Amino acid sequence: MAKKRWTDLSPRTRKAILVGSAVDGALKAAALADLRGRDESEVNGSKRRWALALTLVNSAGVLPVVYFFRGRRSAT
(Lines give C-alpha, C1' and ligand atoms only; values in the text may rest on other atoms or scores of the structure.)
Protein backbone atom coordinates (compact mmCIF):
# COMPACT_ATOMS: atom_id res chain seq x y z
CA MET A 1 0.00 0.00 0.00
CA ALA A 2 1.47 3.33 -1.08
CA LYS A 3 1.77 6.18 1.39
CA LYS A 4 -0.75 8.94 0.98
CA ARG A 5 0.50 12.45 0.45
CA TRP A 6 -1.09 15.55 1.88
CA THR A 7 -2.53 16.39 -1.52
CA ASP A 8 -4.12 12.93 -1.73
CA LEU A 9 -6.20 13.54 1.39
CA SER A 10 -9.71 14.93 1.16
CA PRO A 11 -10.26 18.53 2.30
CA ARG A 12 -12.31 17.22 5.22
CA THR A 13 -9.47 14.96 6.37
CA ARG A 14 -6.93 17.77 6.02
CA LYS A 15 -9.12 20.07 8.10
CA ALA A 16 -9.57 17.40 10.79
CA ILE A 17 -5.80 16.92 11.00
CA LEU A 18 -5.17 20.66 11.28
CA VAL A 19 -7.87 21.18 13.92
CA GLY A 20 -6.67 18.16 15.92
CA SER A 21 -3.09 19.43 15.80
CA ALA A 22 -4.15 22.89 16.95
CA VAL A 23 -6.15 21.45 19.86
CA ASP A 24 -3.24 19.20 20.86
CA GLY A 25 -0.82 22.13 20.74
CA ALA A 26 -3.11 24.33 22.81
CA LEU A 27 -3.62 21.60 25.43
CA LYS A 28 0.14 21.00 25.66
CA ALA A 29 0.85 24.71 26.00
CA ALA A 30 -1.78 25.08 28.74
CA ALA A 31 -0.46 22.04 30.62
CA LEU A 32 3.14 23.24 30.40
CA ALA A 33 2.16 26.74 31.57
CA ASP A 34 0.24 25.27 34.50
CA LEU A 35 3.14 22.96 35.36
CA ARG A 36 5.61 25.84 35.29
CA GLY A 37 3.57 27.81 37.81
CA ARG A 38 3.33 24.98 40.33
CA ASP A 39 5.62 23.96 43.16
CA GLU A 40 7.09 20.44 43.04
CA SER A 41 4.87 19.59 46.03
CA GLU A 42 1.73 20.42 44.02
CA VAL A 43 2.50 17.87 41.29
CA ASN A 44 2.04 14.11 41.40
CA GLY A 45 5.42 12.87 40.26
CA SER A 46 8.39 14.78 38.96
CA LYS A 47 7.86 18.14 37.27
CA ARG A 48 10.80 17.36 34.99
CA ARG A 49 9.25 14.06 33.85
CA TRP A 50 5.88 15.65 33.23
CA ALA A 51 7.52 18.43 31.21
CA LEU A 52 9.53 15.94 29.14
CA ALA A 53 6.50 13.76 28.50
CA LEU A 54 4.28 16.69 27.58
CA THR A 55 6.93 18.02 25.22
CA LEU A 56 8.14 14.82 23.56
CA VAL A 57 5.20 12.40 23.52
CA ASN A 58 2.79 12.65 20.62
CA SER A 59 -0.43 11.78 22.43
CA ALA A 60 -3.18 13.45 20.36
CA GLY A 61 -4.17 15.54 23.39
CA VAL A 62 -4.50 12.62 25.79
CA LEU A 63 -1.42 13.28 27.92
CA PRO A 64 -2.27 16.93 28.72
CA VAL A 65 -5.75 15.83 29.81
CA VAL A 66 -4.20 13.13 32.01
CA TYR A 67 -1.92 15.78 33.53
CA PHE A 68 -4.88 18.04 34.35
CA PHE A 69 -6.84 15.20 36.00
CA ARG A 70 -4.10 13.08 37.57
CA GLY A 71 -0.85 15.05 37.54
CA ARG A 72 -1.90 17.89 39.81
CA ARG A 73 -2.49 17.54 43.52
CA SER A 74 -5.65 19.06 44.87
CA ALA A 75 -5.26 22.16 47.00
CA THR A 76 -6.54 20.92 50.35
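## Helix 1

Let's start with helix 1, residues 11-36: its 26 residues reach 37 Å from first C-alpha to last, close to the 38 Å expected at 1.5 Å a residue. (That expected span is 1.5 Å times one less than the number of residues; helices here are DSSP runs of H or I with at least four residues, numbered from the N terminus.) Bear in mind that this is a predicted model, where local features need pLDDT of at least 70, side-chain atom pairs count only at pLDDT 80 or more, and totals for chains, interfaces and linings use all residues. Residues are numbered from 1 along each chain as its sequence is written, and side-chain values use heavy atoms, with hydrogens and water left out.

Which residues of helix 1 are buried? They are Asp24, Lys28, Ala31 and Leu35, where buried means under 20% relative accessible area, exposed over 50% and partly exposed in between, with a 1.4 Å probe and protein chains only. These buried residues pack against helix 2 (47-56) and helix 3 (62-71).

## Helix 1 with helix 2

The axes of helix 1 and helix 2 come within 10 Å and cross at roughly 165°. (Axes are lines fitted to C-alpha atoms, for helices over the stretch in contact, and angles run from 0 to 180 degrees between N-to-C directions.) That makes helix 1 roughly antiparallel to helix 2, a label for angles over 145 degrees.

On the helix 1 side, the contact (heavy atoms within 4.5 Å) is made by Lys28, Ala31, Leu32, Leu35 and Arg36. Helix 2 brings Lys47, Trp50, Ala51, Leu54 and Thr55. By class, that's 6 nonpolar, 1 polar and 3 charged residues; Ala, Val, Leu, Ile, Met, Phe, Trp, Tyr, Cys and Pro count as nonpolar, Asp, Glu, Lys and Arg as charged, and the others, Gly among them, as polar.

## Helix 1 with helix 3

Here the axes come within 8 Å and cross at roughly 35°. Helix 1 supplies Leu27, Lys28, Ala30, Ala31, Asp34 and Leu35, meeting Pro64, Val65, Tyr67 and Phe68 of helix 3. The tally is 8 nonpolar, no polar and 2 charged residues.

## Helix 2 with helix 3

Helix 2 and helix 3 pack at about 155°, with axes 10 Å apart, and are therefore roughly antiparallel to each other. Trp50, Ala53 and Leu54 of helix 2 meet Leu63, Pro64, Val66, Tyr67 and Gly71 of helix 3. Sorted by class, this contact has 7 nonpolar, 1 polar and no charged residues.

## Glu40 in the loop

Glu40 sits in the loop between helix 1 and helix 2. Its relative accessible area is 45%, so Glu40 is partly exposed. Leaving aside neighbours within four places in sequence, Glu40 is in contact with Gly45, Ser46 and Lys47. As for Pro64, Glu40 is 24 residues from it in sequence and 17 Å away in space, C-alpha to C-alpha.

How values were computed: Helix = DSSP H or I, 4+ residues; strand = E, 2+ residues; numbered from the N terminus. Parallel < 35°, antiparallel > 145°, perpendicular 65-115°, else oblique.
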